[in-house]
Amino acid sequence: MIEVRSEAADSLVAVRLVEAMVTEMEELYDLRAGAGLGLSAPPADFSPPGGAFLVVYEDGKPVAGGGLKRDADGIAEIKRMYVAPGARGRGLGRQLLEALEEEARSLGYARIRLDAGARQPEARAMYERAGYHAVDDYNGNPQASFWGEKVLR
C-alpha cells in the first residue's frame, strides 16, 4: 500500500530521508563525506503557509520524501526530493513529484521549479517527462546542470 503524508521537515522521518539523500549525493558527486551539500533552506522553509514536506510510505515504511518551499520571487521550489534506492523503478518518484505539485497548487502557487545534477539523468528525464522546461540557473547550485520550471494548471 502506498500513502503520501505531510510531515514536519524536522521530524525524525524527514531528517533521516534528507540525511540519506545527502550521503548519496556526496558519494555521487565525489564530495567529502560529511561535507553536506550546503543546504541553505532550514526546516522552517518547508512549513505552511509557504511550504510543505511530503513523505511516501510503502506498506508503512518511509521510502521517499521531498520538500516544497517559497522562493524569494514567489515561485515554489522543490528541494530534497529523494527515493530510497530499494524503492526506485516503481514510479514512486513520479508519484511524489505529482503530490508536491498538487500541494503547491493548494498553497496558491502558479509556477514551480527544481534542479538536478549531471549525474542524475534519470531524475532529469522524469522532470522533463512531467513537463519541466529548462530555465536559467536560478539558485547557484554547483552540482546542478539542469534547472527546470513548470506552470501549474
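Accessible areas here come from the Shrake-Rupley method with a 1.4 Å probe. By that method, this predicted model exposes about 7,900 Å², of which carbon and sulfur atoms supply 51%.

**The whole chain.** Begin with all residues displayed. Three helices and seven strands make up the secondary structure, and along the sequence they follow the pattern β-α-β-β-β-α-β-α-β-β. The radius of gyration is 14 Å, close to the 15 Å that the globule rule gives for 153 residues, so the protein is as compact as a globular protein of that length. Its C-alpha atoms fill a box of roughly 35 × 35 × 30 Å along the principal axes.

**The sheet.** Next, select the strands. The seven form an open sheet in the order β1-β2-β3-β4-β5-β7-β6, with mixed pairing. At the edges stand β1 (2-6) and β6 (133-134); each has a single partner strand, so one side of each is left without a neighbour in the sheet. Zoom in on β1 and β2, which pair in the antiparallel sense over five bridges. V4 has V56 of β2 as its bridge partner.

**Helix α1.** Now select residues 12-28, which form helix α1. The helix reaches 24 Å from its first C-alpha to its last. Which residues of α1 are buried? They are A14, L17, V18, M21, V22, M25 and E26. An α-helix has 3.6 residues a turn, so residues three or four places apart point the same way. The cover over the buried residues of α1 includes β2 (52-58), β3 (61-70) and β4 (76-83). After α1 comes D30, with a positive phi near 55 degrees.

**Helix α2.** Finally, select residues 92-106. Helix α2 lies across β1, β2, β3, β4, β5 (111-117) and β7 (144-151), and runs at about 155 degrees to β4.

Notes
Residues numbered from 1 in each chain as written. Predicted model: local features only at pLDDT ≥ 70, side-chain atom pairs only at ≥ 80, totals over all residues. Heavy atoms only, no water. Helix = DSSP H or I, 4+ residues; strand = E, 2+ residues; numbered from the N terminus. Expected span 1.5 Å × (residues − 1). Buried < 20%, exposed > 50% of the residue type's maximum accessible area, 1.4 Å probe, protein only. Contact = heavy atoms within 4.5 Å. Pairing = 2+ DSSP bridges. Axes fitted to C-alpha atoms, helices over the stretch in contact; angles between N-to-C directions. Rg over C-alpha atoms; globule rule 2.2 N^0.38 Å.
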